[in-house]
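Please look at the sequence and the model below before reading on. The paragraphs after it start from a single residue and then widen the view.

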Amino acid sequence: MRVVIIGGTGHIGTYLVPRLVEGGHKVVSVSRGLRAPYTPHPAWEEVEMVSVDRSAEEAARTFAGSIAALKPDAVIDITCYAPESARHLVDGLRGVVGRFLHCGTIWVHGYNITVPTAENQPRVPIEEYGSRKAAIEGYLLEEARLGNFPAAVIHPGHIVGLGWPPLNPQGHFGPWVFERLARGEELALPHLGLATFHHVHAGDVAQGFMCAMEKWDHAVGESFHVVAENAVTQRGYAEAAASWFGREANLRFLPWDEWSRTVSEDEAALSLRHIRHSSHCSIAKARRLLGYEPRYTAFEATRESVDWLIRQEQILRSQSPE
Ligand SMILES: NC(=O)c1ccc[n+]([C@@H]2O[C@H](COP(=O)([O-])OP(=O)(O)OC[C@H]3O[C@@H](n4cnc5c(N)ncnc54)[C@H](OP(=O)(O)O)[C@@H]3O)[C@@H](O)[C@H]2O)c1
């Protein structure tokens, strides 16, 4: 198929585009061309790169026409964050594409009701990002249900991969947290460290999209969580990360107000967002209908990223945890 991927050079595209090429598809990657994929791959030589500024073209109402003009059989929309963007694109692609995959987020769920959270739980988003993504999901799946548009939605967890720091046990992206654990230094966690995070390796996100492309009859009109098999607790994650360096985690638990003063304002704000969600999702549906089988556990995925941080000398510049 001729597959247009909108936002193909980011975290997900870095892994998904080479898979699409290897799967025999003709791939067109749409972006502003401001960045290269995080890791090189020979498959990129076969990819048609198209430079479009989505925000500018949406403002001019030309974006959907630009995508339709690329004559796609399938469109994978990685970077849609507003219901009006989704509507504009769908209006331009109706009758043009046979498969449309939207990248959502597990944060459409907001707070947990029962865990692991299944796709059919009511959406109770707790912030604007999740609310908008839930509205996009609801719109696309309704269009598919009515037979108006062939859409499916993939909801990744906290994406981890080579080229960027993983969400850390405190719930933000500061690499210094791993440095402290590696050196056996004390690390404070908020509350009892039992909030949960649900990572996924970007390669497994790519697998989820590929499975949905291949099992389209099962995917159309549905949404799927694409995460590691299990979520991790903050405490369990910190202990595992310390063990990668032959250490026992030296943890201290603090009430939120006290803990939030031990990190920067931005880090505390990001941690609070992750803790409030405490994501913990089920992959049973993706497994059953799509044959999705994550290659990485959350610990394997985050460890790979931490090894990358070490190689990049973002942590442990001395190369020794001593
Ligand atoms: N990060 C996570 O942990 C996480 C978790 C769950 C869900 N998600 C979802 O994953 C998706 C983001 O995927 P990602 O992390 O792979 O994205 P990303 O790394 O932020 O990459 C964004 C891509 O979009 C392009 N882009 C950005 N602004 C653009 C514009 N105005 N016009 C055209 N292209 C533009 C970028 O290239 P240029 O800059 O060169 O244009 C790049 O190719 C979102 O739907 C998000 O909700 C992310």
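Ala151 is in contact with Phe100, His102, Leu140, Leu141, Glu143 and Ala144, when its neighbours within four places in sequence are left aside. The model is a predicted one. Ala151 itself belongs to strand S6, which covers residues 151-156. Is Ala151 buried or exposed? A residue is called buried if 20 or more other C-beta atoms lie within 10 Å of its own. Ala151 has 29 C-beta neighbours inside 10 Å, so Ala151 counts as buried. One of its contacts, Leu141, is in contact across a stretch of chain: Leu141 and Ala151 are 10 residues apart in sequence, and their C-alpha atoms are 6.5 Å apart in space.

Helix H4 shows how burial can be arranged along a helix. H4 spans residues 83-93, and its residues Ala86, Leu89, Val90 and Leu93 are buried. Where on the helix do the buried residues fall? Seen down the axis of H4, they lie within an arc of 100 degrees, and therefore they line one face of the helix. Just after H4 comes Gly95, with a positive phi of about 80 degrees.

The largest nonpolar core has 80 residues. Ile5, Ile12, Ile67, Leu181, Val205, Phe209 and Ala212 have the most contacts inside this core. Which helix gives the most to the core? That is helix H7, residues 202-214, with seven residues. The core also draws at least three residues from each of domain 1 and domain 2. Not counting residues up to four places away in sequence, Ile12 touches Ile78, Cys103, Ile159, Ala202, Val205 and Ala206.

How is the chain divided into domains? The domain assignment gives domain 1 as 2-159 + 199-226, and domain 2 as 162-196 + 231-279 + 297-311. The C-alpha centres of the two domains are 29 Å apart. Their contact takes 15 residues from domain 1 and 13 residues from domain 2. On the domain 1 side, H1 and strand S10 (199-201) each supply at least two residues. The largest share of that side comes from S10, with three residues. By class, the side of domain 1 that touches domain 2 has six nonpolar, eight polar and one charged residues.

The model also holds a ligand. How many residues surround the ligand? There are 23, and the closest are Gly7, Gly10, Ser31, Arg32 and Arg54. Helix H1 (11-22), helix H2 (54-59) and strand S7 (158-160) are the elements that give two or more residues to this shell. H1 provides the largest share, three residues. Sorted by class, the residues of the shell are seven nonpolar, 12 polar and four charged.

A few places in the backbone deserve a separate look. The peptide bond from Val115 to Pro116 is cis, with omega near -5 degrees. Pro116 lies in the loop between S5 and H5. Ser278 has a positive phi of about 40 degrees although it is not a glycine. Ser278 is found in the loop between helix H11 (265-277) and helix H12 (284-290). With 19 C-beta neighbours inside 10 Å, Ser278 counts as partly exposed. Glu313 is another residue other than glycine with a positive phi, here near 60 degrees. Glu313 lies in the segment after helix H13 (298-311). Because Glu313 has 10 C-beta neighbours inside 10 Å, Glu313 counts as exposed.

The last stop is Glu239, in helix H9, residues 234-243. Glu239 has 18 other C-beta atoms within 10 Å, so Glu239 is partly exposed. Along the chain, Glu239 and Leu181 are 58 residues apart, while their C-alpha atoms are separated by 8.4 Å. Leu181 was named above as one of the residues with the most contacts inside the largest nonpolar core.

Note on methods
Residues numbered from 1 in each chain as written. Predicted model: local features only at pLDDT ≥ 70, side-chain atom pairs only at ≥ 80, totals over all residues. Buried ≥ 20, exposed ≤ 12 C-beta atoms within 10 Å, placed from the backbone. Helix = DSSP H or I, 4+ residues; strand = E, 2+ residues; numbered from the N terminus. Arc of directions from axis to C-beta. Near = placed C-beta within 6 Å. Nonpolar A, V, L, I, M, F, W, Y, C, P; charged D, E, K, R; others polar. Core = buried A, V, L, I, M, F, W, Y, C linked by C-beta atoms within 7 Å. Domains from an automatic or database assignment. Contact = placed C-beta atoms within 7 Å.
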